[in-house]
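Biologist: Let's go through this one together, please.

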Amino acid sequence: MSKFDVSRRGVLKTGAMAGAGVALPTIFTASSAAAFTNEPTGSTVTLGFNVPQTGPYADEGADELRAYELAVEHLNGGGDGGMMNTFSSKALQGNGILGKKVEYVTGDTQTKSDAARASAKSMIEKDGAVMITGGSSSGVAIAVQGLCQEAGVIFMAGLTHSNDTTGKDKKANGFRHFFNGYMSGAALAPVLKNLYGTDRTAYHLTADYTWGWTQEESIAAATEALGWQTVNKVRTPLAATDFSSYIAPVLNSGADVLVLNHYGGNMVNSLTNAVQFGLRDKVVNGKNFEIVVPLYSRLMAKGAGENVKGIHGSTNWHWTLQDEGSKAFVKSFGTKYGFPPSQAAHTCYVQTLLYADAVERAGSFNPCAVVEALEGYEFDGLGNGPTLYRAEDHQCFKDVLVVRGKENPTSEFDLLEVVEVTPRAQVEYAPDHPMFAGGNLGACNPGA
Amino acid sequence: MFGLNKKDTSLLIIVACLTMFAPFILNPFPTDSGLAQFNAGYPDLMQRFVIFGIFAIGFNILFGLTGYLSFGHAAFLGVGSYSAVWMFKLIGMNVIPAIVLSVIVAGLFALLIGFISLRRSGIYFSILTLAFAQMSFNLAYSVLTPITNGETGLQLTLEDPRILGVSATADGSIPVTNLFGLEMRSTFEMAVGPWAFQFNAGYYLCAFIMLAAFYLSIRIFRSPFGMMLRAVKSNQQRMNYTGLNTRPYTLAAFVISGMYAGLAGGLMASMDPLAGAERMQWTASGEVVLMTILGGAGTLIGPVLGAGFIKYFENIFSKINDNVLHSWFSFMPDGMEDAVVFLIHPFIGKGWHLTLGILFMLVVIFLPGGLVEGGQRIKGWLSGRKAKDDGKAAGETNPAE
């Protein structure tokens, strides 16, 4: 038997020690009245890069992380400066942000809202990150954006394409540079009309979460406005890896266009399944069967290989663009990693520069000052032409690219060709558009 | 004390001390040192330690006592989370109604699932619970989207009614969870020299609830009811032949452990008002099984240790990246540094599962009784050396059962 006696002396001793312990803080605690959450006081500032390292979007996540590391290098004055040289604002000096050296912490979102929030929380609480960025899934982006709003740090969304991120779930502390489902629909519709005509029947396969839902809604609305019919909309789980059971019913549905509202690993698998089932060789209603992938990226094209040839979609940015900003970015990314960046890498790099620039212009890391500096901000030279960060919903407005899987790729990176650059005016919408209504930015929250 | 014998009292006091002083214990390294990477004393992780501790304690009441291995316990955790978030949406931001409702709903859900699943035992019971949990997960993930918001996760919005609170605060943001005005996320930071200790209101609420849950579990272990459950584990058939109906006992154990899981889910939502379907996935159910076995099934303290162990790995090891490694080994010559980093790389960052898996294998192979057995061996070894003549006492030491 282990012995345990509660003696009076023992109780007194413990009590005295506990009392001393409670009194201790009053001796040491300095008045640490920070003006806002995680105010950087030393010679460095910490940013949190929260990207999917596992799960269906892991490829995108890895590329995002590369872009973030490149951006940090450029901000700290390393490398060739990349797009900092072409950026219309010249506030960034290459000496960190406000003279503080930029450091970063990374985390794995696992493409799950729960894990992403836990990871972001530990960055804020443990590592003292003053800005969180990343996310390759809109579900994750929305969850982390909500967290950042509560905690009082800035969230610079990475790859998130759902209308809700800057629609129904928009937050004052959150900003998105990437385009969204509505813009994809607006950019794709005219191209689809020219290619496939106005008398078509579409079948949607949709990733079952906020991004899939809003993109499906946007594309269906845009194509129905052309005169197309939508025969069915089927939701598929995000974690699914085999889509054959979803493809088979398409054959018997009478549809002659398949819209794949899938991204990343999902799209690679569903498109491969669709091609294996011979959908692209079918003739339905006297027309060739077509497949459309509204949100496209080079990484997905690489994953799907031969199957992407001739398939249309939209993208935020592509490395073959010939403006100065894009060329500078592709050059420094290629020098460092040996291959061109993806659109995910581009938007993450740009978001990091935009944040740093906003802090420089505001002269403070205070989230409310940053929000003020970014709202209604017009800039250029970051690869998408003249761009506006709209104050009403913190969404960037810029040109959208319509791309097609290249028939004769000249290299393993040359997989997509730009069909059309849809001008900004054509993809703009009112902040209270029905697809974006119901949200409220609220007030900026500096925390603490 | 509290109707416990001396051994249990001392165990309870040890656990109480550990939880109360966790902010100190888990932050042993100064904030600016390289080892600060291994500090775990920040609110979110400390909350997770105790919340998953509760979850594992509850699971242990079922698995440790009756031997029924449920592979679907995460379903109750998820149900608890959803109920709590709905309370925040409809009633108000006080955590008490949310926690109460989450326990009740999880209890009812456990009654339903337990009533059906407990008709079978052994592997069939495990499969039934797994099936139910996957069903709940898929329902939450797609079919019940209006209630659960599917993959995106159930979140608070500015439009929620919150009839006993406010929909939005004066400055236009979503109100935060609180206990009669004490905000769950409010943290008192204490700087002692180079150390920074964080005392978080939410953590202490969770810690107190965990102590209560732990106390209750000790009482159950020591009660005639607990004895009956142990009898079920050792030989259920014999009990049936003696004319005793074991179903009510196992069902009660199942419901109690389901309510523990619901409590954990409710607390999770109270600390961070979001509920996602992946909380109910089978991997989450498997995790609690791992926690219990890793710590020591059937022991009182084991599941809590196992929960802490797994959560520590998940949160600390997954955040070590190559950059951190390079900074650790920067004292080495260049080629060697790269080689060492290359060798360690698969075990950190996204490879934390691999590290955990190896440790789990080692524990199961060399310490079949879990971490508790390891502790006992060390203790036996120490006391064996200290008092060689008192070897018998060392053999008898068995603090957790």
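Biologist: How much helix and strand is there over residues 91-116 of chain B?

Modeller: That stretch of chain B is 85% helix and 0% strand, with its end C-alpha atoms 33 Å apart. Helices here are DSSP runs of H or I with at least four residues, strands are E runs of at least two, and both are numbered from the N terminus. Before we go on: this is a predicted model, where local features need pLDDT of at least 70 and side-chain atom pairs count only at pLDDT 80 or more, while totals for chains, interfaces and linings use all residues. Residues are numbered from 1 along each chain as its sequence is written, and chains are lettered from A and ligands numbered from 1 in the order in which they are written.

Biologist: What does UniProt list as "transmembrane region" in chain B?

Modeller: The unreviewed entry lists residues 12-29, 49-71, 91-116, 123-144, 201-221, 248-268, 288-313 and 354-372. UniProt positions are in the numbering used here, feature names are shortened, and annotations may be inferred rather than shown by experiment.

Biologist: Zooming out, how many helices and strands does chain B have?

Modeller: Chain B comes to 17 helices and 6 strands. Its radius of gyration is 23 Å, close to the 21 Å that the globule rule gives for 401 residues, so chain B is as compact as a globular protein of that length. The radius is taken over C-alpha atoms, and the rule is 2.2 Å times the number of residues to the power 0.38. Taken along the principal axes, the C-alpha atoms of chain B fill a box of roughly 75 × 70 × 40 Å.

Biologist: What percentage of chain B is buried?

Modeller: 47% of its 401 residues count as buried. The cut-off is 20 or more other C-beta atoms within 10 Å of a residue's own; 12 or fewer is exposed, anything in between is partly exposed, and C-beta atoms are placed from the backbone.

Biologist: OK, now chain A: how many helices and strands?

Modeller: Chain A has 13 helices and 17 strands. Chain A has a radius of gyration of 25 Å, close to the 22 Å from the globule rule for 448 residues, so it is as compact as a globular protein of that length. Buried residues make up 58% of the 448, and the C-alpha trace spans about 95 × 65 × 45 Å along its principal axes.

Biologist: How many residues does each of chain A and chain B put into the contact?

Modeller: The contact takes 37 residues from chain B and 38 residues from chain A. Contact means C-beta atoms, placed from the backbone, within 7 Å. On the chain B side, helix H1 (6-20), helix H3 (43-66), helix H6 (122-143) and strand E4 (187-192) each supply at least two residues. That side divides into 11 nonpolar, 15 polar and 11 charged residues. Ala, Val, Leu, Ile, Met, Phe, Trp, Tyr, Cys and Pro count as nonpolar, Asp, Glu, Lys and Arg as charged, and the others, Gly among them, as polar.

Biologist: What does the domain assignment give for chain A?

Modeller: Domain 1 is 44-179 + 319-397 and domain 2 is 182-315. Those bounds come from an automatic or database domain assignment. The C-alpha centres of domain 1 and domain 2 of chain A lie 29 Å apart, and 17 residues of domain 1 are in contact with 18 residues of domain 2. Separately, UniProt's unreviewed entry has "domain: Leucine-binding protein" over residues 44-406 of chain A.

Biologist: Which strand order does the open sheet of 3 strands in chain A have?

Modeller: The order is E13-E14-E15, with antiparallel pairing. Strands pair if DSSP finds at least two bridges between them. Strand E13 (377-379) and strand E15 (396-397) are the edges, each pairing on one side only.

Biologist: A:Glu378, buried or exposed?

Modeller: A:Glu378 counts as exposed because it has 11 C-beta neighbours inside 10 Å. A:Glu378 sits in strand E13 of chain A and, leaving aside neighbours within four places in sequence, is in contact with A:Pro386 and A:Leu388. In turn, the bridge partner of A:Leu388 in E15(A) is A:Phe397.

Biologist: Last one: how many residues of strand E16 of chain A are buried?

Modeller: 5 of the 6 residues of strand E16 (residues 400-405) are buried, so it is largely enclosed by the rest of the structure. Strand E12 (residues 312-315) of chain A joins E16(A) through 4 bridges, running antiparallel, and E16(A) pairs antiparallel with strand E17 (residues 416-422) over 6 bridges.

Terms used
Two residues are in contact if their C-beta atoms, placed from the backbone, lie within 7 Å.
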